[in-house]
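Subject: Structure handover

Dear colleague,

Please find the structure below, followed by some notes on what was found in it.

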Amino acid sequence: MHTYDLSGGKLCDTLPAALRADILSGAIAPGEKLPSKRRLAEQYGISINTVQNAYEQLIAEGYIESRERSGYFVSDLPASLPSPVASPAVEEEQKAPPVLLDLVTNAPDGSRFPFSLWSRLMRRVLTEEGEALLAPLPAAGAPVLQSAIAEYLRHGRGIAVEPCQVVIGAGTEYLYHLLLQLLGRERVYGLEDPGHSKIARIYALNGVRFRPVPLDEGGVCADAPERLGIEVLHISPNHHFPTGLVTPATRRRALLQWMGQGDRYIIEDDYDSEFRFTGRPIPPLYGMDTADRVIYVNTFSKTIAPSMRISYMVLPKPLLARYRQLLGFYACPVPAFEQYTLAAFLNEGHFERHLHRMRSFYRARRDAVISLLQNAPFADRIRIREADAGLHFLVEIKTDKGDAALREMLAKSGIRVAFLDDYRIEKRADAPDTHTVVLNYSGVEPRRLADGIARLCEARHS
C-alpha cells in the first residue's frame, strides 16, 4: 500500500482521489484487499468515519467492492484504457483586418431598447404571477402570450388567428426544425435563390431534400414550384432577403393556386416586414389563403432585440391535431418569465408604440445613409435599389472590377460587405458578377459611414 500525502485539501476529497489514482494506474491490482478502516485511520491519524466515507465513495463509483466479513477489495477493472488518439493541431484563427464599418451584420440598434419600461414590466410580472412562472408550460407556449400574439396579428398584420394556432419557439431556427418534423423530411422543399443562407444550412443539416427556386422581379417564378416538383415552398413574399422584393398580388394568387393542387404547403417567413417606410406594411399571404395550408412565421428579434429569442408560427387548423400528437411532448424552450413579460408588453400597447418609434428611427437612419452615398465622390457610379422597406437595401456599383476585387479593395479600407451573389444557394463558377452590395444599415452609425467613405476615397487615390 502506498503512502499518501493527505495534507492538501479536504480529507474527504484527497483520500478517495489518492486511492482512485492508484487503482487506475495499477499500483493497487484488481482483486487486491485494501487496509481495514481502523488500520488506515491509525496510519494517517484520521477518523474512521473519514476512511469509511472514502471507501463508500469508491464503492459508489465502482472502483472497489465490499465483501461481508472479508473487507474491501479492488474491482476487476480493465487492465488498461485505449491509448489517447493524437488530436490534430488546432489551427489558430487568422486575425481578420480591423473592421471600421460592418455592412453585413443586420442587428437592430440596442440603444433604442426600452430598458426602464421592460424592467418595470418584469418586476410586475414577478409580483403578480408568482408561482405561475414556475409551473410547466404547454408545448406551444404560455396561453397568455399566444392570446397577445393573436391579438397583435389581428390589429397589426390584419390576419385573424385563434390563440391555439400560435406556437412559440426560441428563434425561427427552432421553429424550422419543428416544421421539418411536422411536415416530414421525405418531402421536397423549395427555397428562394438567392435567399437567407442560414435557412438552406438548417435544411441541409436535417437531411431534407430541397431545391433552389429562382426569382424574377415578382419574387418566386410562378411556374418554378410545379416544374421543380416542390411540395413545401419556403418564401418571404412581404419583403424578401436579400433582394428586397415584394411579391405582387397576381403572383401570390398563382402560388396559392399551385399550393391548392395536392398536399402542398407554403411557409411564409414574414421577415422584417414591419419596417415599411412608404405606405402601410404589406398584408401577409396567410390572409389570402382559403385552402388553410399557409404556415406563418415571424420573430421579435428584429422588432425588439436580437437577444429576444422569441419567435412564433401560426399553424393552419388542419395541422393542429397532428402537431399535438407528434410534437406535443416537447417542452417549450422559452422561459415563462420572458413570455409573461412579452405578453404584457404586447397587451398594453407598448410594442406598437415601440414599433412606431423604431420605424421613425430607421427611416431617419436609412435617409442619412442614402444621403451620404448620394453625396459621395463616387455617387455617379452607384445605384440604390429596394430602399422602401426593411433594414437593408441594394447598392449597384458600376465598375469593371469583379466582386472579389471589390470586396478586397473595400476590406483594405476597413469596410466589410456582402454581395448579392453571396446569398445564392446554387453557386455557379461561370456566373457573372452582380456588382451589387447588400447594405445592412440597421447597425450603421452615419458618422462611421462618413469615415468609411473618406477612407475609401483616400485608398482609391493613393
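The model is predicted, so to speak of local features requires pLDDT of at least 70 and side-chain atom pairs count only at pLDDT 80 or more, while totals for chains, interfaces and linings use all residues. Residues are numbered from 1 along each chain as its sequence is written, and side-chain values use heavy atoms, with hydrogens and water left out.

Because 6 of the 6 residues of E5 (residues 188-193) are buried, the strand is largely enclosed by the rest of the structure; strands here are DSSP runs of E with at least two residues, helices are runs of H or I with at least four, and both are numbered from the N terminus.

E5 pairs in the parallel sense with strand E6 (residues 209-216) over 6 bridges, where pairing requires that DSSP finds at least two bridges between the strands, and Gly190 stands opposite Arg211 in E6. E5 also pairs in the parallel sense with strand E8 (residues 232-235), over 3 bridges, with Leu191 opposite His234 in E8.

**Helices H5 and H11**

The axes of helix H5 (residues 143-156) and helix H11 (residues 336-347) come within 8 Å and cross at roughly 30°, the axes being lines fitted to C-alpha atoms over the stretch in contact, with angles running from 0 to 180 degrees between N-to-C directions. H5 is therefore roughly parallel to H11 (an angle under 35 degrees).

Best regards

Key. Buried < 20%, exposed > 50% of the residue type's maximum accessible area, 1.4 Å probe, protein only. Parallel < 35°, antiparallel > 145°, perpendicular 65-115°, else oblique.
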